[in-house]
Amino acid sequence: MGTDSFANLKRLQLRVLPDQVLRSVGADIETFDKGLQDFAKRMLSFMRKKGGIGLAAPQVGVLRRIVVVGVHGQEMVLINPSIMPVTTDSDTKTEGCLSIPDETYDVTRLFQIEVRARDVKGKKLNFAAHNLLARVIQHEIDHLDGVLICDKEASGIGSRERGIDNANI
Ligand SMILES: [Zn+2]
């Protein structure tokens, strides 16, 4: 990727399967400048417009490690995010994805995680997340690694709840 090439995007466009950009791995972000901050704002408004609760940069064709999340009325931008399990507890719920229109999949994920990331100014973030927020963050980080929910359909092991049908992340 060229330096901050995402800053020059004219208009964000949703990428859907079988677009191969969704299968590619995003590069770390190293420059926390105005171009990045503008792009983060555009991602947030794009997510809202599409009725999503999360969006990862590859979903708009940008192979960089930035995601936005909007859960329970709280929005956040996570740059170069990583997670660690807090416990081994997991649960299985139905997820949708803006990039896989009209499909839902049952996906097993960690229930409680610790998140490390940077904000748009490069400040370190470190917080705990559980339940829906933890699920959305895991979904978005998967996007940064080219992994989609259709790859992760639950095996049927473990507790099964139907919870966030129609959520677009
Ligand atoms: Zn998705």
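## Basis and confidence

Residues are numbered from 1 along each chain as its sequence is written. The model is predicted, and local features are reported where pLDDT is at least 70 and side-chain atom pairs at pLDDT 80 or more, whereas totals for chains, interfaces and linings use all residues.

The chain averages a pLDDT (the predictor's confidence in each residue, from 0 to 100) of 90, and 88% of the residues score at least 70. Over residues 156–163 the pLDDT is below 50, and this stretch has 15 contacts in the model beyond near neighbours in sequence, a contact being two residues whose C-beta atoms, placed from the backbone, lie within 7 Å. Where pLDDT is low, the predicted coordinates should not be read in detail.

## Overall fold

The chain holds 2 helices and 7 strands, in the order α-β-β-β-β-β-β-β-α from the N terminus; helices (H or I, at least four residues) and strands (E, at least two) are DSSP runs, numbered from the N terminus. Of its 169 residues, 36% count as buried, which requires 20 or more other C-beta atoms within 10 Å of a residue's own, with exposed meaning 12 or fewer, partly exposed lying in between, and C-beta atoms placed from the backbone. Among contacts with a separation of 6 or more, 73% join residues 24 or more positions apart.

## The sheet

An open sheet is formed by 5 strands in the order S1-S2-S3-S6-S7, with antiparallel pairing, where two strands pair if DSSP finds at least two bridges between them. S1 and strand S7 (124–130) stand at the edges with a single partner strand each, so one side of each is left without a neighbour in the sheet. The twist averages 40° from one strand to the next.

Within this sheet, S3 and S6 run antiparallel and are joined by 5 bridges; Ile79 has Arg118, in S6, as its bridge partner.

## The two helices

H1 packs on the sheet by touching S1, S2 and S3, and its direction makes about 45° with that of S2; axes are lines fitted to C-alpha atoms, for helices over the stretch in contact, and angles run from 0 to 180 degrees between N-to-C directions. Arg48 belongs to helix H1 and counts as partly exposed because it has 14 C-beta neighbours inside 10 Å. The C-alpha atoms of Arg48 and Val69, which are 21 residues apart along the chain, are separated by 9.9 Å.

H2 lies across S1, S2, S3, S6 and S7, running at about 155° to S2. This helix of 14 residues reaches 21 Å from its first C-alpha to its last, close to the 20 Å expected at 1.5 Å a residue, the expected span being 1.5 Å times one less than the number of residues. H2 is mostly covered, with 12 of its 14 residues buried; among them are Arg135, Gln138, His139, Glu140, Asp142 and His143. Gly146, which follows H2, has a positive phi near 75°.

Leaving aside residues up to four places away in sequence, Val67 touches Gly54, Leu55, Ala56, Leu78, Pro81, Glu140, Ile141 and Leu144.
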